[in-house]
Amino acid sequence: MKITNMTTYLLPWGSLFIKLETDEGISGWGECSPMGGHVLQAMAAHTLKPLAIGGNPFDVEVLWQKMLLSPYKLGPSGAQSEAISGVDLAMWDIIGKATNKPVHQLQGGCFRDRVPIYYSYGWDGKATVDDVVRIMSSQVDQGFTVLKLRMNYGPLRGEIANDPAIPMMKAIRAAVGDEVKIGFDANNGYTAHKAIQVGRYLEEHVGLAWFEEPTPQYDYLAMAQVADALDTPVSAGEHEYTLWQFRDLLLHGRPDILQPDLVKCGGFTEAKKIAALCEAWSKPIVVHNTQPTLGTAASLHFCASVSGAMYHQEFTGHRAELSALFHNQLEFKDGYLYVPQGPGLGLEVNEEKVKETAVSVI
Ligand SMILES: [Mg+2]
(Lines give C-alpha, C1' and ligand atoms only; values in the text may rest on other atoms or scores of the structure.)
Protein backbone atom coordinates (compact mmCIF):
# COMPACT_ATOMS: atom_id res chain seq x y z
CA MET A 1 0.00 0.00 0.00
CA LYS A 2 1.25 3.48 -0.85
CA ILE A 3 0.07 6.95 0.09
CA THR A 4 -0.83 8.70 -3.17
CA ASN A 5 -2.23 12.03 -2.01
CA MET A 6 -2.72 14.31 0.98
CA THR A 7 -5.43 17.00 1.12
CA THR A 8 -5.78 19.50 3.94
CA TYR A 9 -9.11 21.16 4.74
CA LEU A 10 -9.14 24.27 6.91
CA LEU A 11 -12.60 24.83 8.38
CA PRO A 12 -14.02 28.27 9.24
CA TRP A 13 -13.66 27.80 13.02
CA GLY A 14 -9.98 26.79 12.79
CA SER A 15 -10.18 22.97 12.67
CA LEU A 16 -7.77 21.41 10.20
CA PHE A 17 -8.69 18.01 8.75
CA ILE A 18 -6.14 15.96 6.83
CA LYS A 19 -7.12 13.30 4.30
CA LEU A 20 -4.65 10.70 3.08
CA GLU A 21 -5.43 8.59 0.00
CA THR A 22 -3.77 5.31 -0.97
CA ASP A 23 -3.33 3.27 -4.14
CA GLU A 24 -5.67 0.63 -2.65
CA GLY A 25 -8.58 3.03 -2.54
CA ILE A 26 -8.59 3.29 1.26
CA SER A 27 -8.41 6.78 2.68
CA GLY A 28 -7.88 8.00 6.23
CA TRP A 29 -8.69 11.21 8.10
CA GLY A 30 -6.84 12.99 10.88
CA GLU A 31 -7.11 16.32 12.68
CA CYS A 32 -4.65 18.92 13.98
CA SER A 33 -4.86 21.38 16.86
CA PRO A 34 -7.15 24.32 15.96
CA MET A 35 -4.75 27.14 16.79
CA GLY A 36 -2.99 28.77 13.82
CA GLY A 37 -4.76 26.62 11.22
CA HIS A 38 -3.18 28.37 8.22
CA VAL A 39 0.30 27.73 9.61
CA LEU A 40 -0.45 24.05 10.27
CA GLN A 41 -2.05 23.70 6.85
CA ALA A 42 1.06 25.10 5.17
CA MET A 43 3.26 22.84 7.29
CA ALA A 44 1.24 19.74 6.38
CA ALA A 45 0.69 20.56 2.70
CA HIS A 46 4.11 21.92 1.82
CA THR A 47 6.49 20.20 4.24
CA LEU A 48 4.94 16.86 5.27
CA LYS A 49 3.03 15.92 2.12
CA PRO A 50 6.15 15.33 -0.03
CA LEU A 51 7.59 13.19 2.77
CA ALA A 52 4.45 11.08 3.18
CA ILE A 53 3.59 10.47 -0.48
CA GLY A 54 4.94 7.14 -1.69
CA GLY A 55 5.21 5.80 1.86
CA ASN A 56 3.26 2.82 3.21
CA PRO A 57 0.89 3.87 6.03
CA PHE A 58 1.73 0.59 7.80
CA ASP A 59 5.29 1.99 8.09
CA VAL A 60 3.80 4.64 10.35
CA GLU A 61 6.75 4.76 12.75
CA VAL A 62 9.23 5.12 9.87
CA LEU A 63 7.18 7.89 8.26
CA TRP A 64 6.71 9.59 11.62
CA GLN A 65 10.48 9.76 12.16
CA LYS A 66 10.94 11.07 8.63
CA MET A 67 8.36 13.84 9.21
CA LEU A 68 10.08 14.80 12.47
CA LEU A 69 13.70 14.62 11.40
CA SER A 70 13.77 15.80 7.76
CA PRO A 71 12.36 19.30 8.45
CA TYR A 72 13.97 19.45 11.91
CA LYS A 73 15.08 23.08 11.53
CA LEU A 74 11.42 24.10 11.70
CA GLY A 75 11.37 22.92 15.31
CA PRO A 76 9.47 19.95 16.74
CA SER A 77 7.76 21.87 19.57
CA GLY A 78 4.58 23.29 18.14
CA ALA A 79 3.41 23.60 14.54
CA GLN A 80 5.51 20.74 13.20
CA SER A 81 4.37 18.31 15.90
CA GLU A 82 0.74 19.45 15.53
CA ALA A 83 0.80 18.91 11.76
CA ILE A 84 2.46 15.50 12.19
CA SER A 85 -0.34 14.61 14.63
CA GLY A 86 -2.99 15.02 11.92
CA VAL A 87 -1.04 12.91 9.42
CA ASP A 88 -0.34 10.24 12.06
CA LEU A 89 -4.03 9.95 13.01
CA ALA A 90 -4.93 9.62 9.31
CA MET A 91 -2.37 6.82 8.88
CA TRP A 92 -3.84 4.92 11.84
CA ASP A 93 -7.33 5.46 10.40
CA ILE A 94 -6.10 3.80 7.18
CA ILE A 95 -4.43 0.93 9.05
CA GLY A 96 -7.68 0.29 10.94
CA LYS A 97 -9.79 0.41 7.79
CA ALA A 98 -7.36 -1.87 5.91
CA THR A 99 -7.46 -4.46 8.71
CA ASN A 100 -11.14 -3.86 9.51
CA LYS A 101 -10.34 -3.13 13.17
CA PRO A 102 -10.93 -0.15 15.47
CA VAL A 103 -7.67 1.68 16.22
CA HIS A 104 -7.66 0.72 19.93
CA GLN A 105 -7.36 -2.95 18.96
CA LEU A 106 -4.21 -2.07 17.05
CA GLN A 107 -2.88 -0.10 20.02
CA GLY A 108 -2.96 -2.95 22.53
CA GLY A 109 -6.61 -3.65 23.21
CA CYS A 110 -9.45 -2.32 25.30
CA PHE A 111 -9.15 -1.56 29.03
CA ARG A 112 -12.49 0.26 28.90
CA ASP A 113 -15.24 0.60 26.31
CA ARG A 114 -16.55 3.89 27.65
CA VAL A 115 -14.75 6.87 29.12
CA PRO A 116 -16.14 9.02 31.96
CA ILE A 117 -16.39 12.71 31.10
CA TYR A 118 -16.12 15.85 33.21
CA TYR A 119 -17.85 19.11 32.41
CA SER A 120 -15.47 21.98 31.77
CA TYR A 121 -16.49 25.62 31.97
CA GLY A 122 -14.08 28.26 30.68
CA TRP A 123 -14.60 31.65 32.30
CA ASP A 124 -14.68 34.37 29.65
CA GLY A 125 -13.83 37.26 31.94
CA LYS A 126 -17.44 38.50 31.98
CA ALA A 127 -19.72 35.90 33.58
CA THR A 128 -20.68 36.69 37.17
CA VAL A 129 -20.41 34.28 40.08
CA ASP A 130 -24.17 33.69 39.80
CA ASP A 131 -23.86 32.92 36.07
CA VAL A 132 -21.09 30.41 36.72
CA VAL A 133 -23.00 28.73 39.55
CA ARG A 134 -26.11 28.47 37.38
CA ILE A 135 -24.16 26.83 34.54
CA MET A 136 -22.31 24.40 36.80
CA SER A 137 -25.45 23.43 38.76
CA SER A 138 -27.35 22.72 35.55
CA GLN A 139 -24.60 20.30 34.48
CA VAL A 140 -24.86 18.46 37.81
CA ASP A 141 -28.63 18.28 37.27
CA GLN A 142 -27.89 16.60 33.94
CA GLY A 143 -25.79 13.92 35.60
CA PHE A 144 -22.21 15.21 35.71
CA THR A 145 -20.35 14.28 38.90
CA VAL A 146 -17.08 16.01 38.00
CA LEU A 147 -16.72 19.69 37.03
CA LYS A 148 -13.82 21.95 36.12
CA LEU A 149 -13.55 25.73 36.24
CA ARG A 150 -10.97 27.15 33.84
CA MET A 151 -9.91 30.76 34.13
CA ASN A 152 -8.86 32.98 31.21
CA TYR A 153 -5.59 33.93 32.89
CA GLY A 154 -3.26 32.87 30.08
CA PRO A 155 0.47 32.57 30.47
CA LEU A 156 1.61 34.30 33.62
CA ARG A 157 -0.94 36.90 34.66
CA GLY A 158 0.97 36.73 37.93
CA GLU A 159 -0.60 38.57 40.82
CA ILE A 160 -4.31 38.68 40.07
CA ALA A 161 -6.02 41.38 42.09
CA ASN A 162 -9.30 40.28 43.70
CA ASP A 163 -8.88 36.89 42.06
CA PRO A 164 -12.39 36.00 40.81
CA ALA A 165 -11.56 32.29 40.94
CA ILE A 166 -11.84 32.18 44.73
CA PRO A 167 -15.47 33.36 45.12
CA MET A 168 -16.48 31.32 42.05
CA MET A 169 -15.00 28.09 43.38
CA LYS A 170 -16.56 28.65 46.84
CA ALA A 171 -19.96 29.40 45.32
CA ILE A 172 -19.83 26.34 43.05
CA ARG A 173 -19.02 24.10 46.03
CA ALA A 174 -21.85 25.60 48.09
CA ALA A 175 -24.28 25.03 45.22
CA VAL A 176 -23.35 21.49 44.15
CA GLY A 177 -22.54 19.91 47.54
CA ASP A 178 -19.62 17.80 48.69
CA GLU A 179 -20.17 14.73 46.52
CA VAL A 180 -19.28 16.46 43.25
CA LYS A 181 -15.57 16.59 42.38
CA ILE A 182 -14.31 20.01 41.28
CA GLY A 183 -11.09 20.66 39.39
CA PHE A 184 -9.51 24.05 38.85
CA ASP A 185 -7.50 25.17 35.80
CA ALA A 186 -5.43 28.34 36.25
CA ASN A 187 -4.48 28.15 32.57
CA ASN A 188 -0.79 28.94 33.29
CA GLY A 189 -1.76 32.11 35.08
CA TYR A 190 -0.07 32.25 38.49
CA THR A 191 3.41 32.72 39.84
CA ALA A 192 4.51 29.77 41.97
CA HIS A 193 3.87 31.41 45.32
CA LYS A 194 0.45 32.73 44.25
CA ALA A 195 -0.49 29.26 42.96
CA ILE A 196 0.51 27.74 46.30
CA GLN A 197 -1.55 30.33 48.21
CA VAL A 198 -4.60 29.77 45.99
CA GLY A 199 -4.14 26.00 46.00
CA ARG A 200 -3.91 25.81 49.79
CA TYR A 201 -6.95 28.04 50.19
CA LEU A 202 -9.02 25.94 47.76
CA GLU A 203 -7.82 22.70 49.37
CA GLU A 204 -9.04 23.92 52.73
CA HIS A 205 -12.22 25.80 51.81
CA VAL A 206 -13.49 24.10 48.65
CA GLY A 207 -11.84 20.70 48.24
CA LEU A 208 -9.94 20.31 44.99
CA ALA A 209 -9.94 17.21 42.79
CA TRP A 210 -6.98 18.50 40.75
CA PHE A 211 -5.15 21.78 39.99
CA GLU A 212 -4.41 22.16 36.27
CA GLU A 213 -1.51 24.22 34.90
CA PRO A 214 -1.05 26.44 37.97
CA THR A 215 2.05 28.17 36.53
CA PRO A 216 3.35 29.04 33.02
CA GLN A 217 3.80 25.90 30.93
CA TYR A 218 7.40 26.75 30.07
CA ASP A 219 8.48 27.10 33.70
CA TYR A 220 8.92 23.54 34.94
CA LEU A 221 10.65 24.60 38.15
CA ALA A 222 7.70 26.78 39.19
CA MET A 223 5.36 23.87 38.59
CA ALA A 224 7.53 21.58 40.68
CA GLN A 225 7.43 24.11 43.53
CA VAL A 226 3.61 24.03 43.43
CA ALA A 227 3.33 20.25 43.00
CA ASP A 228 5.65 19.71 45.96
CA ALA A 229 3.79 22.19 48.18
CA LEU A 230 0.21 20.96 47.65
CA ASP A 231 -1.59 17.73 48.53
CA THR A 232 -3.89 18.21 45.52
CA PRO A 233 -2.66 16.53 42.33
CA VAL A 234 -1.22 19.03 39.85
CA SER A 235 -1.87 18.29 36.15
CA ALA A 236 -0.06 19.51 33.05
CA GLY A 237 0.96 18.44 29.56
CA GLU A 238 -1.43 20.07 27.08
CA HIS A 239 1.43 22.34 25.98
CA GLU A 240 4.06 19.64 25.59
CA TYR A 241 5.12 18.18 22.26
CA THR A 242 7.02 14.95 21.66
CA LEU A 243 8.45 12.44 24.07
CA TRP A 244 11.42 14.59 25.05
CA GLN A 245 9.31 17.45 26.37
CA PHE A 246 7.23 15.00 28.40
CA ARG A 247 10.43 13.49 29.80
CA ASP A 248 11.59 16.95 30.86
CA LEU A 249 8.16 17.85 32.26
CA LEU A 250 8.14 14.67 34.36
CA LEU A 251 11.70 15.17 35.55
CA HIS A 252 11.61 18.87 36.30
CA GLY A 253 7.94 19.91 36.64
CA ARG A 254 6.88 16.84 38.64
CA PRO A 255 3.12 17.07 37.86
CA ASP A 256 0.96 14.27 39.30
CA ILE A 257 -1.29 13.86 36.24
CA LEU A 258 -0.09 14.07 32.63
CA GLN A 259 -2.26 15.54 29.87
CA PRO A 260 -1.01 14.76 26.36
CA ASP A 261 -3.22 15.99 23.51
CA LEU A 262 -3.35 13.64 20.52
CA VAL A 263 -3.84 16.45 17.99
CA LYS A 264 -0.73 18.24 19.30
CA CYS A 265 1.80 15.82 20.76
CA GLY A 266 2.40 13.76 17.60
CA GLY A 267 -0.68 11.54 17.27
CA PHE A 268 -1.00 7.93 18.46
CA THR A 269 2.58 7.06 17.57
CA GLU A 270 4.05 9.55 20.03
CA ALA A 271 1.21 9.45 22.57
CA LYS A 272 1.71 5.72 23.17
CA LYS A 273 5.39 6.36 23.95
CA ILE A 274 4.38 9.18 26.30
CA ALA A 275 1.95 6.72 27.95
CA ALA A 276 4.81 4.28 28.48
CA LEU A 277 6.89 7.07 30.03
CA CYS A 278 4.01 7.93 32.39
CA GLU A 279 3.63 4.26 33.30
CA ALA A 280 7.30 4.11 34.26
CA TRP A 281 6.73 7.10 36.59
CA SER A 282 3.37 5.67 37.86
CA LYS A 283 1.61 8.85 36.72
CA PRO A 284 -1.99 8.67 35.48
CA ILE A 285 -2.99 10.24 32.16
CA VAL A 286 -5.98 12.49 31.52
CA VAL A 287 -5.93 13.36 27.83
CA HIS A 288 -6.34 17.00 26.90
CA ASN A 289 -8.87 17.28 24.13
CA THR A 290 -10.76 20.23 22.69
CA GLN A 291 -11.73 18.79 19.29
CA PRO A 292 -15.12 17.10 19.55
CA THR A 293 -15.04 14.86 16.45
CA LEU A 294 -11.87 13.27 14.97
CA GLY A 295 -9.73 14.48 17.89
CA THR A 296 -12.16 13.03 20.44
CA ALA A 297 -12.42 9.74 18.51
CA ALA A 298 -8.62 9.48 18.61
CA SER A 299 -8.59 10.28 22.35
CA LEU A 300 -11.19 7.57 23.01
CA HIS A 301 -9.15 4.90 21.23
CA PHE A 302 -6.11 6.05 23.19
CA CYS A 303 -7.96 5.99 26.55
CA ALA A 304 -9.33 2.55 25.72
CA SER A 305 -5.85 1.16 25.15
CA VAL A 306 -3.88 2.83 27.99
CA SER A 307 -4.29 1.33 31.46
CA GLY A 308 -3.41 4.60 33.24
CA ALA A 309 -6.09 6.67 31.45
CA MET A 310 -8.82 5.78 33.94
CA TYR A 311 -9.95 9.19 35.17
CA HIS A 312 -12.60 11.55 33.85
CA GLN A 313 -11.72 13.20 30.54
CA GLU A 314 -12.78 16.50 29.04
CA PHE A 315 -15.35 16.63 26.23
CA THR A 316 -16.45 19.95 24.83
CA GLY A 317 -19.80 18.53 23.67
CA HIS A 318 -21.35 17.96 20.28
CA ARG A 319 -21.30 20.98 17.96
CA ALA A 320 -23.87 21.13 15.18
CA GLU A 321 -21.52 22.65 12.60
CA LEU A 322 -18.99 19.85 13.16
CA SER A 323 -21.51 17.02 13.52
CA ALA A 324 -22.85 17.93 10.05
CA LEU A 325 -19.48 16.90 8.55
CA PHE A 326 -19.94 13.23 9.54
CA HIS A 327 -22.34 10.45 8.57
CA ASN A 328 -22.22 9.06 12.11
CA GLN A 329 -21.60 10.58 15.56
CA LEU A 330 -19.76 9.71 18.74
CA GLU A 331 -22.08 8.32 21.38
CA PHE A 332 -22.35 10.43 24.54
CA LYS A 333 -24.68 9.16 27.25
CA ASP A 334 -25.04 9.44 31.06
CA GLY A 335 -21.70 11.21 31.51
CA TYR A 336 -19.77 8.73 29.34
CA LEU A 337 -18.38 8.77 25.80
CA TYR A 338 -18.38 5.36 24.15
CA VAL A 339 -15.25 4.11 22.39
CA PRO A 340 -16.02 3.78 18.64
CA GLN A 341 -16.06 0.17 17.46
CA GLY A 342 -16.01 0.73 13.67
CA PRO A 343 -12.83 0.29 11.63
CA GLY A 344 -10.12 2.95 11.97
CA LEU A 345 -11.09 5.97 14.06
CA GLY A 346 -14.71 4.94 13.58
CA LEU A 347 -16.05 8.24 12.21
CA GLU A 348 -17.34 8.42 8.63
CA VAL A 349 -16.52 11.77 7.07
CA ASN A 350 -19.03 13.42 4.71
CA GLU A 351 -16.39 14.62 2.31
CA GLU A 352 -18.72 16.66 0.12
CA LYS A 353 -19.83 18.61 3.16
CA VAL A 354 -16.21 19.09 4.31
CA LYS A 355 -15.28 20.43 0.84
CA GLU A 356 -18.24 22.81 0.82
CA THR A 357 -17.45 24.08 4.31
CA ALA A 358 -13.67 24.46 4.07
CA VAL A 359 -12.24 27.99 3.74
CA SER A 360 -8.96 26.74 2.36
CA VAL A 361 -8.09 23.44 0.64
CA ILE A 362 -4.47 22.58 -0.24
MG1 LIG B 1 -6.19 23.17 30.52
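This is a predicted model: local features need pLDDT of at least 70, side-chain atom pairs count only at pLDDT 80 or more; totals for chains, interfaces and linings use all residues.

Residues are numbered from 1 along each chain as its sequence is written, and side-chain values use heavy atoms, with hydrogens and water left out.

**Entry: the two domains.** I looked up the domain assignment, whose bounds come from an automatic or database source, and found domain 1 (3-100 + 349-361) and domain 2 (105-338). Their centres, taken over C-alpha atoms, are 26 Å apart. To the contact (heavy atoms within 4.5 Å), domain 1 gives 32 residues and domain 2 gives 29. The area buried between domain 1 and domain 2 is about 2,400 Å², and carbon and sulfur atoms give 65% of this area.

Entry: I then searched for salt bridges, meaning a side-chain nitrogen of Lys or Arg within 4 Å of a carboxyl oxygen of Asp or Glu. The rule finds one between domain 1 and domain 2, against 12 in the whole structure. I also noted a salt bridge between the side chains of lysine 273 and glutamate 61, at 2.8 Å from N to O.

**Entry: the domain 1 side.** Which elements give two or more residues to the side of domain 1 that touches domain 2? I listed strand S3 (27-32), helix H2 (60-69), helix H3 (79-99) and helix H13 (351-357), where helices (H or I, at least four residues) and strands (E, at least two) are DSSP runs numbered from the N terminus. H3 gives the most to this side, with nine residues.

**Entry: inside helix H3.** Lysine 97 and aspartate 93 both lie in H3, four residues apart, about one turn of the helix, and they form a salt bridge whose closest N and O atoms are 3.0 Å apart.

**Entry: the sheet.** I followed four strands through an open antiparallel sheet in the order S3-S2-S1-S13, counting strands as paired if DSSP finds at least two bridges between them. S3 and strand S13 (360-361) are the edge strands, each pairing on one side only. Strand S1 (residues 3-10) is joined to S13 by two bridges, and leucine 10 has serine 360 as its bridge partner in S13.

Key:
Buried area is the accessible area (1.4 Å probe) that two parts lose on being put together, summed over both.
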